[in-house]
Amino acid sequence: MNYKEIEQAVSDIDITLPPPEKEPERQYYFISKLREWMNQKKKEKGRSLTCCVNTFGCQMNARDSEKILGILNMIGYEENESEDADLVIFNTCTVRENANLKVYGRLGQLKKYKKKNPEMVTMLCGCMMQEKEVVEKIKKSYRNVDIIFGTHNIFKFAELLAMKVLDRADSKKMIIDVWEDTTEIVEELPIERKYRFKSGVNIMFGCNNFCSYCIVPYVRGRERSREPEDIIAEIKCLVADGVVEVMLLGQNVNSYGKNLKNPISFTELLRRVEAIEGLERIRFMTSHPKDLSDELIAYMGESKKLCKQMHLPLQSGSDRLLKIMNRHYTKEDYLLLVDKIRKAVPDIAITTDIIVGFPGETEEDFAETLDVVEKVQYDSAFTFIYSKRTGTPAASMEEQIPEEVVKERFDKLLKRIQDIASDKAKKDVGKTVDVLVEEKNEQDENFVTGRTSQNYVVHFPGDESLIGKIVPVKLCESKGFYYMGEMVNA
């Protein structure tokens, strides 16, 4: 459904409230009611109400925030970068403890804004809200929060907001609507994209892997794949609206389609996406090594639209720790996959995730991780210090590693990864590559910034008219983590 069709759906909505099982019509009913309320507020205040959506965490959260903003824009809110707004939403992450602490700190700061504007609405959603102890803490210590909901019922956003603002009789009551799980996927709600020329597209939700350190299956639920027809229809609408690159999103895209009534493989989905006329680039994230098939690797070598980038989380190079982590592959399995990928796509960029300081990690275990880093020669890596997450098996494990030991290992790993990435980047200097221009450069308005197929960042002279276009650029100088280049005239 495109934007005009969505507008029509709102204007044509029946005055009778659709039942809960009738989605997304029920949400359009509340959007319609909220638009009427917004028009009244505009007259009262002489301005539109403002909203601020702050996103913590991964690309799945970023995509969820685009859905929230799409609904808010349809209601009539104006987006505001400042949290001094009429409506503030924190879309939270809980993969690491620091993410939780950031949210608590920001909630404290919101109190001054709410004191100045008593009608201000504050909302919390996302993975952090799926933890019962977190919700209890907020109920007790942060009474300035109005609405809490989780990851499974984000589609009910308009309904929850309407419950708060359309009935001020009980305006001080905190609304909490957190579901433990769901099998429901609601399609065709509005989305406000950050970029007009590229977009994330959810192909599945949840995770079935239960890695011993990871809280995602507990807060995102079990795997649910979208129907391929719905995915293709969404991408076709995006392409018609100017999108040239899509990122297919899932916690483990390699297991896409297994739970559908008519199962299909992730590779088959990619073939259907590639057939869409006008789409020029396809990315996907994330791939679990245990499910990466030879079929997909072969297709990566054949495809004309798949970007030459693979994010393949390692987490540890130690077979002993990989088993405790419940990863279902060995160091040898992983290196064999990398070898197959590089043979199929010789110029591919491989990135990864690595955890340092997992409970019981010895110097020998850490040395195995460093050995994989040397053998694979990653183009970049997300390195993390292990963070204990309540509810995961690893949280109760003995042999938690001393902080000073973890920091020493982390710094050593990070430096080696950076040195390898910098050396690899220098080898591409002088090459001419295709770059999707994304934005004006923040430091120099005479430059623009874009990304190569391998996802390398490139800055080069250009103006705003290039944004959204794929252009040939010569890589003139490597700065370690990005390139300086110049556009090549065709």
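This is a chat about a predicted model and what its helices, cores and rings look like.

Q: Before we start, what kind of model is this, and how are residues numbered?
A: The model is predicted, so local features need pLDDT of at least 70 and side-chain atom pairs count only at pLDDT 80 or more, while totals for chains, interfaces and linings use all residues. Residues are numbered from 1 along each chain as its sequence is written, and side-chain values use heavy atoms, with hydrogens and water left out.

Q: Okay, helix 5 then. Which of its residues are buried?
A: Val134, Val135 and Ile138 are the buried residues of helix 5, which covers residues 132-141. Helices here are DSSP runs of H or I with at least four residues, strands are runs of E with at least two, and both are numbered from the N terminus. Buried means under 20% relative accessible area, exposed means over 50%, and partly exposed is in between, using a 1.4 Å probe and protein chains only.

Q: Where do they sit around the helix?
A: Looking down the axis of helix 5, the buried residues fall within an arc of 100°, so they line one face. That arc is taken from the directions from the helix axis to the C-beta atoms.

Q: Why would residues a few places apart line up?
A: An α-helix has 3.6 residues a turn, so residues three or four places apart point the same way.

Q: And what's on the face turned away from the buried side?
A: Lys132 and Lys140, which are exposed.

Q: What do the buried residues of helix 5 pack against?
A: They pack against helix 4 (97-116), strand 4 (121-126), strand 5 (147-149) and strand 6 (175-177). Contact means heavy atoms within 4.5 Å.

Q: New topic: how many aromatic pairs are there?
A: The whole structure has 13 aromatic pairs. Rings of Phe, Tyr and Trp (its six-membered ring) pair if their centres lie within 6.5 Å; planes under 30 degrees apart count as stacked, over 60 as edge-to-face and the rest as tilted.

Q: How do Phe56 and Phe90 pair up?
A: Phe56 and Phe90 are edge-to-face, at 5.9 Å centre to centre with 85° between the planes. Phe56 lies in the loop between strand 1 (50-55) and helix 3 (59-75), and Phe90 in strand 3 (residues 87-92), so the pair ties together parts 34 residues apart in sequence.

Q: Are those two buried or exposed?
A: Phe56 and Phe90 are both buried.

Q: Which residues make an aromatic cluster?
A: Tyr213, Phe358 and Tyr386 form one. Phe358 is buried, as is Tyr386.

Q: What about the nonpolar cores? How many residues are in the largest?
A: The largest nonpolar core has 56 residues, and Ile235, Leu248 and Phe266 have the most contacts inside it. A nonpolar core is a set of buried Ala, Val, Leu, Ile, Met, Phe, Trp, Tyr and Cys residues joined through side-chain atoms within 4.5 Å.

Q: What does Ile235 touch?
A: Not counting residues up to four places away in sequence, Ile235 touches Val201, Val246, Leu248, Val273, Ile276 and Leu279. A second, separate core of 35 residues includes Tyr28, Val53, Ile89 and Met123.

Q: Last one: which residues does a cis peptide bond join near Thr286?
A: Met285 and Thr286, with omega about 10°. Thr286 is in the loop between strand 11 (281-285) and helix 10 (294-302).
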